[in-house]
Amino acid sequence: MSTVLSRDSQVRVMEDTVTQAEKHFGQLCSLLAAYTRKTARLRDKADQLVRQLVDFANTEHPEMRATLRSLAEDLARVQDYRQAEVERLERKVIDPLKLYGAQIKQTRAEIKKCKRVRNNEIKQLERLEKLRQKSPSDRPTLGQAETSVQRASVDANRTTHQLEETIDTFQKQKLKDLQKIFSDFVTIEMVFHAKAVEVYSSTFQTLERYDLERDLEDFRAKMQGVYGRYNARPLTNTTASPAVPWSLAQSAQSTIRSQRKEAVSEEDSAEEEEGPVEDFQGTGAPSITRVGG
């Protein structure tokens with residue numbers, strides 16, 4: 001009976017390991033999915049801000065018009081990077097967490113099987129004890145009962161050993177996956193913020209170069225009825241790529257397409273395809289579609 005109790009304690013520890021993983025992986029998946037959806041909504045709001053900046057720039061004087069357009073271009077480029085951030089979070093962080101739904105379900109089935117075998121062993125032991133108390137002289141019946149106990153014990157030992165190997169593999173893979181998932185999460189965030197800082201540094205310099213006096217001169221000249229005094233200084237941006245993320249000469253309501261694809265593929269030139277995923281209950285896939293207008 002002491003062996004049975006020891007085995008029962010082992011199974012409880014293994015079951016608790018799976019239960020905790022199910023609870024916390026589910027919560028992490030849900031929270032990170034919400035985090036990704038919030039990031040996608042922030043991207044959409046920034047897209048709206050870009051359109052508003054373009055509309056406003058068209059009403060301003062030459063220097064401010066050029067400055068606001070440059071700001072809009074840079075802000076749009078940052079949203080390309082944010083789009084890449086959203087897509088990578090979904091692929092490298094959320095999808096792997098979802099996979100644990102199916103894995104935990106399978107592991108629980110193994111635990112349930114082990115419990116059935118263990119309960120059968122306990123049942124056979126209790127039956128043998130009753131026979132010993134009720135018919136201690138009935139050797140044939142006692143012999144059959146002892147044989148049944150031995151078989152149940154062998155089955156329980158084998159099943160428990162198999163479950164130990166399953167849980168050991170599960171735990172090892174869980175720890176490895178946690179390290180990989182959060183390493184990817186931190187890397188994705190670092191890449192986005194590094195690129196954003198690079199763009200915003202150039203944007204800040206553009207804002208610093210804004211010549212207020214020239215716009216005031218133009219404004220005062222217009223008040224006096226004098227037009228065409230000068231042209232705005234050329235718009236320069238040392239970090240701008242050949243493909244401008246927003247086509248400011250076209251409709252302000254068109255969204256970014258080509259630059260976004262470049263931003264997504266810039267860090268992921270060779271991505272492996274993911275297998276089918278199974279979501280935890282209560283978690284949803286983030287909405288990463290970029291709003292167009």
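**Close-up views of a predicted helical model**

Asp8 is buried, with a relative accessible area of 18%, where buried means under 20% relative accessible area, exposed over 50% and partly exposed in between, computed with a 1.4 Å probe on protein chains only. The model is a predicted one, in which local features need pLDDT of at least 70 and side-chain atom pairs count only at pLDDT 80 or more, whereas totals for chains, interfaces and linings use all residues. Residues are numbered from 1 along each chain as its sequence is written, and side-chain values use heavy atoms, with hydrogens and water left out. Asp8 belongs to helix α1, helices (H or I, at least four residues) and strands (E, at least two) being DSSP runs numbered from the N terminus. Although Asp8 and Thr160 are 152 residues apart along the chain, their C-alpha atoms are separated by 9.4 Å.

**The chain as a whole.** The protein has five helices and zero strands, and its pattern along the sequence is accordingly written α-α-α-α-α. Of its 293 residues, 39% count as buried.

Nine salt bridges are found in the structure, each defined as a side-chain nitrogen of Lys or Arg within 4 Å of a carboxyl oxygen of Asp or Glu. In one of them, the side chains of Arg108 and Glu22 meet with an N to O distance of 3.0 Å. Because Arg108 lies in helix α2 (residues 62–134) and Glu22 in helix α1 (residues 2–57), this pair ties together parts that are 86 residues apart in sequence. Both partners are partly exposed, Arg108 with a relative accessible area of 27% and Glu22 with one of 32%.

Arg77 pairs with Asp74 in a salt bridge whose closest N and O atoms are 3.1 Å apart. The two residues are three positions apart in helix α2, so about one helical turn separates Arg77 from Asp74. Arg77 counts as buried at 3% relative accessibility, and Asp74 counts as buried at 0%. A further salt bridge joins the side chains of Asp95 and Lys98, at 4.0 Å from N to O. Asp95 and Lys98 are likewise placed in helix α2, three residues or about one turn of the helix apart, and both of these residues are buried.

**The contact of helix α2 with helix α3.** The axes of α2 and helix α3 (residues 139–208) come within 8 Å of one another and cross at roughly 170 degrees; axes here are lines fitted to C-alpha atoms, for helices over the stretch in contact, and angles run from 0 to 180 degrees between N-to-C directions. The crossing therefore makes α2 roughly antiparallel to α3, given that angles under 35 degrees count as roughly parallel, over 145 as roughly antiparallel, 65 to 115 as roughly perpendicular and the rest as oblique. By class, the contact of α2 with α3 holds 33 nonpolar, 17 polar and 18 charged residues, with Ala, Val, Leu, Ile, Met, Phe, Trp, Tyr, Cys and Pro counted as nonpolar, Asp, Glu, Lys and Arg as charged, and the others, Gly among them, as polar.

**The nonpolar cores.** The largest nonpolar core has 22 residues, and those with the most contacts inside it are Val93 and Leu97; a core is a set of buried Ala, Val, Leu, Ile, Met, Phe, Trp, Tyr and Cys residues joined through side-chain atoms within 4.5 Å. Helices α1, α2 and α3 each supply at least two residues of this core.

Cys29 counts as buried at 1% relative accessibility, and Cys114 is buried with a relative accessible area of 1%. A search of the whole structure finds zero disulfides, a disulfide being a pair of cysteine sulfur atoms within 2.5 Å.

**Asp215 in helix α4.** Asp215 is found in helix α4 (residues 212–223) and is buried, with a relative accessible area of 5%.

**Glu164 in helix α3.** Glu164 has its place in helix α3 and counts as partly exposed at 29% relative accessibility. The C-alpha atoms of Glu164 and Ile111 are separated by 9.7 Å, and the two residues are 53 residues apart along the chain.
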